[in-house]
Structure formats: C-alpha cells, structure tokens
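Dear colleague,

Please find below the sequence and the structure that I am handing over to you.

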Amino acid sequence: MKKNVLKITAVLGLTTVLLNSCGPKENTPLVYFPDMYFPVAYDPLMKAQDAYSDHENEIPAFVKNSFATGLAPVEGSVAQNKDGIFEEGLLPRNVDEYNAGYDASKKMTGSPLNPANAAKDIERGKMLFDHTCAACHGTGGDGQGPIVQSGAFSGVPNYADREITVGSVHYVLTNGRNAMGSYAGQLNAGDRWRVAMYVMSAFKKGAAPAAATTATPAAATTETTTETKK
C-alpha cells in the first residue's frame, strides 16, 4: 500500500511538472540575471531602458547623460594629449589645398615640442620609427625595408635623396602622400613630430630639432589623405 501511494504521488508530480512546462508563458518565472537573459544592443543615441521592465534605466552614468547610452571614454582608457598640440584643424578639400599645405610645411625647420626635451623626443621618435615606419622605409631610411625587399611594394624613397624638412615629414605623416597613407591614426600629434625629428636627425644630418620660428600653416595641420602632385 505504501509503495502504491509513493508511485501515485510520483506520477502526479511528474504530470504536474509536464503540464506546467507546456502551458502558457504569460507568467514567466523570476530571472536572476535579466541583463544576460534579455540582451540589448544599445544605439548610442537611444534612451536607455531596462530590457526586462517598463521603468527607465537608473544607471547613474546614463542619468547624467540624459539617459543616452553613448558615454565618453573612461579616464585613462585613451591616449592623452600631454604635449598640448592641437593641430588637427581644417581638412584639405582638394589636391590644390593639400599641395599648398605641403609646400608651406617645407618652410618649417623645427617642431613645436619643447626644445629642452629634444634628445628624449628623438629617442622616442627612433623607437616609433622602427616599429611603425621601418617596414617600408628601412631602419637606415634608405627605402629598403623588409616589405620592399620582399617585392611586395616598391617606390619608397631614400630620405637622403629628398628635399625634406621636419615640417614636411610631419605633414606627410599626418596627411599621407602619393602611395603612403596617413599615419594620424597610428601616431598622436606629438609622436608624429618626434618621428619627424628623428628622421631629420638620423637621415638628414644637421636638421635643427628646436621649436619652429615659422607659424604652422592652417593647411599644414590637417588629418586626411589625398592624391597629390608628383
């Protein structure tokens, strides 16, 4: 008798579970991690709401930003402009503007960085050049980097054969020239000047690393890549 009661109880319990699991879903059970159970792809400009309820999201960062989810980067998560150089202004709108900026940049014989730190700046410029530029330009600046020697690319000039200044090197790093694209996305404003200083110091002997006396032309302080005259 006792065994029969247990069997009947077990059957009834199993039947109840099966019926409930196949029943309507209006009354969903409690979810312990709703943010993971109901994932939401936020639009940066949308008003943030909890995906699992009707009330507005009360995350303090969203509240301070008028509930928009597009927040500023966390402090320290992006490179800081410690050099204080704000040079990315108007973009050249055409080839003529680009070339005018390039010609003006050749008149710049010094960088805007503190001349007292020239030795350290050139040292960092060498490190950045070796990591970023030497693959094409070669560690000796002769245009015979490993990519060129492999035959995958050609036409990289020898710095010794070019009429360049620290300003024009920086301008090309910022805007690109001919087959070379802009490196403004790889090097921040100050570091582009450091690479230019290193190029002049190492491959164009006697170039002055001191601060330039000529004001930076507006067209020479831009962030773009465009076709140029050869």
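Let me begin inside one helix, where aspartate 130 and lysine 126 are four residues apart in helix 5, and therefore separated by about one helical turn. Please keep in mind throughout that this is a predicted model. An α-helix has 3.6 residues a turn, so residues three or four places apart point the same way. The side chains of aspartate 130 and lysine 126 do meet, in a salt bridge with a distance of 2.8 Å from N to O. Aspartate 130 counts as partly exposed because its relative accessibility is 29%, and lysine 126 is also partly exposed, with a relative accessible area of 38%.

How many salt bridges does a search of the whole structure find? The search finds four. One of them joins arginine 124 to aspartate 191, whose closest N and O atoms are 2.8 Å apart. This pair links distant parts of the chain, since arginine 124 belongs to helix 5 and aspartate 191 to helix 9 (residues 189–203), 67 residues apart. Arginine 124 has a relative accessibility of 35% and so counts as partly exposed, whereas aspartate 191, at 6% relative accessibility, counts as buried.

Aspartate 191 also forms a salt bridge with arginine 194, and here the closest N and O atoms are 3.0 Å apart. Arginine 194 and aspartate 191 are both in helix 9, three residues apart, which is about one turn of the helix. At 10% relative accessibility arginine 194 counts as buried, because buried means under 20%. Taken together, Asp121, Arg124, Asp191 and Arg194 are linked in a network of salt bridges.

Helix 9 deserves a description of its own. Of its 15 residues, 13 are buried, so helix 9 is largely enclosed by the rest of the structure. The N-terminal end of helix 9 is capped by asparagine 188, which has a side-chain oxygen 3.2 Å from the backbone nitrogen of glycine 190.

The largest nonpolar core has 24 residues, and those that touch the most other members are Phe129, Val169, Val195 and Val199. At least two residues of this core come from each of helix 5, helix 8 and helix 9, and helix 9 gives the most, with nine residues.

In helix 8 you will find histidine 170, which counts as buried because its relative accessibility is 1%. The side chain of histidine 170 makes a polar contact, at 3.3 Å, with the side chain of tryptophan 193.

A pair of aromatic rings is described by the distance of the centres and the angle of the planes. The structure has seven aromatic pairs. One of them is formed by tyrosine 102 and tyrosine 171, whose ring centres are 6.1 Å apart and whose planes stand at 55°, so the pair is tilted. Because tyrosine 102 lies in helix 4 (residues 95–105) and tyrosine 171 in helix 8 (residues 166–175), this pair ties together parts that are 69 residues apart in sequence. Tyrosine 102 and tyrosine 171 are both buried. Over the face of tyrosine 102 lies arginine 177, at 3.8 Å from the ring centre.

Phenylalanine 129 and tyrosine 159 form another aromatic pair, also tilted, with 6.4 Å from centre to centre and 50° between the planes. Since phenylalanine 129 lies in helix 5 (residues 118–132) and tyrosine 159 in the loop between helix 7 (146–149) and helix 8, the pair ties together parts that are 30 residues apart in sequence. Both phenylalanine 129 and tyrosine 159 are buried, and ring pairs link Phe129, Tyr159, Tyr198 and Phe203 into a cluster.

With kind regards

How values were computed:
Residues are numbered from 1 along each chain as its sequence is written. This is a predicted model: local features need pLDDT of at least 70, side-chain atom pairs count only at pLDDT 80 or more; totals for chains, interfaces and linings use all residues. Side-chain values use heavy atoms; hydrogens and water are left out. Rings of Phe, Tyr and Trp (its six-membered ring) pair if their centres lie within 6.5 Å; planes under 30 degrees apart count as stacked, over 60 as edge-to-face and the rest as tilted. Buried means under 20% relative accessible area, exposed over 50%, partly exposed in between (1.4 Å probe, protein chains only). A charge sits over a ring if NZ of Lys or CZ of Arg is within 6 Å of the ring centre and within 35 degrees of the ring normal. A polar contact is a pair of N or O atoms within 3.5 Å; within protein, one must be able to donate a hydrogen and the other to accept it, and residues adjacent in sequence count only if both atoms are side-chain atoms. A nonpolar core is a set of buried Ala, Val, Leu, Ile, Met, Phe, Trp, Tyr and Cys residues joined through side-chain atoms within 4.5 Å.
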